Amino acid sequence: MKPYKAPAIPASEITPKALFYARRKFMQTAGGAALAALLPQTTRAAGSFGDLKKSTYGAEEELTPLTAITAYNNFYEFGTGKEDPAARAGSLKTRPWSVSVEGEVHKPKVFDIDDILKMAPLEERIYRLRCVEAWSMVVPWLGFPLAELLKRVEPTGNAKYVEFVSLHDPAQMPGQKSTVLDWPYREGLRIDEAMHPLTLLTLGLYGDVLPNQNGAPIRMVIPWKYGFKSAKSIVGIRLLEQQPVTSWMRTGPNEYGFYANVNPEVDHPRWSQAKERRIGEFLKRKTLMFNGYADEVAPLYAGMDLSKYF
Amino acid sequence: MAIKNLDNKIVGRIKAGVFLLALIPLLKLSIGAYLGKLGANPIEKISHVTGYWTLTFLLITLTPTPLRRLSGWSWPVRLRRMLGLFTFFYGCLHFLTYLVLDQFFDWDGILKDIVKRPYITVGFPAFLSMIPLAITSTDNMMRRLGGKYWRLLHTLVYPCAIGGVVHYWWLVKNDLSNPIIFAVLLGILLGTRVVYRLRPTGQGKQ
């Protein structure tokens, strides 16, 4: 694969270097302290990553504090309220955990989570996260490109789509007792989207393992799509010839499409997507095409009518 | 029976108690804002809480009339004006949250919302319709309008309530459990009125 190149960023968006490092240092100290308080002892022992691969990519934006990232979540497996996941995700057991990769592949395999953690060097990727509900955050994720995993199972020529299946266990995920979504949670990507270097198989954030409410122990992050595309607590990855039907498409086919690319020009039927509120900021900011990743991903959709394929 | 018709002194005390209770949601919100405990998205929280209490007070305001018909209790009707004004009060806070905190006087954005967003298309007139009701809530205005016209004007509260519940129904992403509760309660409150209007024995009563 071609080495990944960072995009050009306008000078106006660049934070002065000294300020940037001062912020990072503050965030790291504050984040570490908060994390130590938040995570149960068992996950601390399992996680705490050492040296990270120097990231080829990082949005030069102020990071959203860890306290907000871990307290304000949409993770309906634990309830539909924003504070439900933080309050209720303690019941999720992240060990043992395995991910079955199957379907249109030459070498289907069930991977143990600890093997995935050692599969490729973890890097920190600072991505903007834009929720379909018009709020956003900036999150320092840890992971490696999904392509690293997919190439190990050798997709066949028929593999046109990738489906992600999240854990379905109402005993661990009390929100699944409600029928608000069709469980298990399913998401999907086109194979070229899945192989894109920005598409991150994510195992941690803020330098440590994923907190349960953020989709532990393994989730997707696709930064140019609305947040719900990034499936959490994944147990299955299936390569398919046909486009899968995702949980949100099933729930609201007129409101949630397969692509769900961040697009300020294509509104949700019930609300505008032109602006967003960055968590921690007062005034709304303009939403960027493909969440600011247009240079990298726009070619994937060349010639497509994005209001039709929303 | 005594409980059906309490004397002025007791109703006065109940009124004072309800007045204080009705301020609790605002007090909780203010303390939360002061302590920075409104969560990661405080504007959304303020918007949701004020909207929730507007609808709740609206339903409570619509309760004394069917209650009188069903149980014969007449004293709650004497709290109705105050409850209606609290509905308007929380409605104003909800609207101001949208205007100032959410949109920050982005008139262009607000106009687009009113035209294009069904939940705002229905919510905005529901809010506006409360204004004449609040203005004409005084004894003086009631006298000036005369009972017949005053009552006619105040039937605006019915489309206002329906608009409020539809507004809530249309804005939630997909968990309709709360909007359904409000819709069922409103259905009972309005349904009772319809039943009494249709029944011959209900005639002559207000």
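Analyst: Start with pairing: two strands pair if DSSP finds at least two bridges between them. The model is predicted. In chain A, five strands form an open sheet in the order E2-E1-E10-E5-E6, with mixed pairing.

User: What makes strand E2 and strand E6 of chain A edge strands?

Analyst: Strand E2 (109–112) and strand E6 (186–190) each pair on one side only, so they are edge strands by the pairing rule. Neighbouring strands of this sheet are turned by 20° against each other on average, direction ignored.

User: How do you know that strand E1 and E2(A) pair?

Analyst: The rule asks for at least two bridges. Strand E1 (residues 98–103) of chain A and E2(A) have four bridges, so they count as paired, in the antiparallel sense. Val101(A) stands opposite Lys109(A) in E2(A).

User: What makes a residue of chain A count as buried, and what percentage of the 310 residues is buried?

Analyst: A buried residue has 20 or more other C-beta atoms within 10 Å of its own. In chain A, 44% of the 310 residues are buried.

User: Which residues of chain A and chain B belong to the contact, by count, and what kinds are on the chain A side?

Analyst: Chain A gives 17 residues and chain B gives 13 residues. The chain A side that touches chain B divides into eight nonpolar, four polar and five charged residues.

User: How many helices and strands does chain A have?

Analyst: Chain A has nine helices and 12 strands.

Key
Residues are numbered from 1 along each chain as its sequence is written. Chains are lettered from A and ligands numbered from 1 in the order in which they are written. This is a predicted model: local features need pLDDT of at least 70, side-chain atom pairs count only at pLDDT 80 or more; totals for chains, interfaces and linings use all residues. Helices (H or I, at least four residues) and strands (E, at least two) are DSSP runs, numbered from the N terminus. A residue is buried if 20 or more other C-beta atoms lie within 10 Å of its own, exposed if 12 or fewer, and partly exposed in between; C-beta atoms are placed from the backbone. Axes are lines fitted to C-alpha atoms, for helices over the stretch in contact, and angles run from 0 to 180 degrees between N-to-C directions. Two residues are in contact if their C-beta atoms, placed from the backbone, lie within 7 Å. Ala, Val, Leu, Ile, Met, Phe, Trp, Tyr, Cys and Pro count as nonpolar, Asp, Glu, Lys and Arg as charged, and the others, Gly among them, as polar.
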